[in-house]
Amino acid sequence: MHVQDSHWSPASALAAGGMTMSAAGSGRDTSRTTPLRVDAQRNLEHVLRAAREVFGELGYGAPMEDVARRARVGVGTVYRRFPSKDVLVRRIAEEETSRLTDQARAALGQEDEPWSALSRFLRTSVASGAGRLLPPQVLRVSVEDGASGPRVPQQRTQPGTTELRLVPDQPVAVASVPAVGAEDDAGTSALLEVVGQLVDRARAAGELRADVSVSDVLLVIATAAPSLPDAAQQAAASARLLDILLEGLRSRPA
């Protein structure tokens with residue numbers, strides 16, 4: 001997982017790619033937006049796909065020129081859809097957070113057995129490459145016991161243990177982390193809440209180690225997603241590493 005220097009702000013959400021201007025002052029219904037032309041829509045899809053690939057391989061610090069090159073469009077085309085790199089990064093991060101949340105909800109709803117639900121979520125997320133695109137604020141952690149303002153919901157640990165907590169607006173050594181806006185907090189909170197349910201169920205069933213937190217689970221997703229040049233080797237390495245990490249998460253009889 002590479003998290004590099006990119007800075008977004010809440011205001012940049014107003015310019016998020018994929019949106020068009022309403023027909024104000026023209027006598028038309030301003031609640032509707034003008035659909036993109038076919039070629040413009042195709043270019044947008046190419047840019048988004050290229051951004052996911054480039055950021056997944058190089059981190060969010062990768063330049064816009066790399067995205068344009070991968071999408072086979074001019075960099076001006078990228079900037080027409082996304083006025084700044086901040087806007088593009090936010091779009092990709094929000095989509096990834098939403099996708100992870102959907103995967104967690106699907107695991108909760110379709111698996112009755114708690115460990116199966118948790119492991120299904122982890123396997124689906126790792127296979128999709130989610131760990132390489134997790135938003136920086138999701139992986140912002142502190143290992144300080146009793147850290148203030150924990151963002152991980154419903155975390156219960158045994159007395160005397162040190163819990164790994166997600167905390168807001170704390171600097172980390174590995175990256176310059178962007179500011180977090182209200183929209184980011186809402187998406188992140190939804191993800192943490194549903195993953196918290198998976199963790200609580202598995203722990204209550206006695207199948208998950210008592211000291212494992214939601215942040216541990218999210219770090220597993222990031223750790224088990226190495227970026228390798230060969231797709232087959234990458235898939236095999238991810239699957240093997242996830243098997244090892246799952247064994248480490250599971251509780252053992254006393």
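Trainee: How do the residues of the lining of the second largest pocket divide into nonpolar, polar and charged?

Mentor: This is a predicted model, in which local features need pLDDT of at least 70 and side-chain atom pairs count only at pLDDT 80 or more, while totals for chains, interfaces and linings use all residues. A pocket is an open set of points on a 1 Å grid over the protein atoms alone, where a 1.4 Å probe fits and protein lies on both sides within 12 Å along at least five of seven lines, and lining residues have an atom within 4 Å of a point. Among the lining residues here are Arg52, Glu53, Arg99, Arg132 and Leu133. With Gly counted as polar, the lining divides into 2 nonpolar, 5 polar and 5 charged residues.

Trainee: Which helix gives the largest share of that lining?

Mentor: Residues are numbered from 1 along each chain as its sequence is written, and side-chain values use heavy atoms, with hydrogens and water left out. Helices (H or I, at least four residues) and strands (E, at least two) are DSSP runs, numbered from the N terminus. The pocket holds about 200 Å³ of space, and the largest share of its lining, 4 residues, comes from helix 1 (residues 38–58).

Trainee: In what order do the elements of the protein chain run?

Mentor: The secondary structure of the protein chain comes to 8 helices and 2 strands. Read from the N terminus on, the order is α-α-α-α-α-β-β-α-α-α.

Trainee: Is helix 7 largely enclosed or largely open?

Mentor: Buried means under 20% relative accessible area, exposed over 50%, and partly exposed in between, with a 1.4 Å probe and protein chains only. Because 7 of the 10 residues of helix 7 (residues 214–223) are buried, the helix is largely enclosed.

Trainee: What length does helix 5 reach from its first C-alpha to its last?

Mentor: Helix 5 (residues 114–127) has 14 residues, and its buried residues include Trp115, Leu118, Phe121 and Leu122. Just after helix 5, Gly129 takes a positive phi of about 80 degrees. The expected span is 1.5 Å times one less than the number of residues, and helix 5 is close to the 20 Å expected, since the length it reaches is 20 Å.

Trainee: Which residues is Gln103 in contact with, leaving aside its neighbours within four places in sequence?

Mentor: Gln103 is found in helix 4 (residues 85–110) and is buried, with a relative accessible area of 15%. Contact means heavy atoms within 4.5 Å. Beyond its sequence neighbours, Gln103 is in contact with Phe121, Thr124, Ser125 and Ser128.

Trainee: How many Å separate the C-alpha atoms of Ser119 and Leu249?

Mentor: Ser119 is found in helix 5 and counts as buried at 12% relative accessibility. Although Ser119 and Leu249 are 130 residues apart along the chain, their C-alpha atoms are separated by 10.0 Å.

Trainee: How far apart in space are Asp200 and Ser213?

Mentor: Asp200 is found in helix 6 (residues 182–204), where it counts as buried at 10% relative accessibility. Asp200 and Ser213 are 13 residues apart in sequence, and their C-alpha to C-alpha distance is 8.9 Å.

Trainee: What phi does Arg72 have?

Mentor: Arg72 lies in the loop between helix 2 (64–71) and helix 3 (75–81), and is exposed, with a relative accessible area of 79%. Most residues other than glycine have a negative phi. Arg72 is not a glycine, yet its phi is positive, at about 60 degrees.

Note on methods
Grid points are joined across faces, edges and corners, and a volume is the space filled by probe spheres set on the points.
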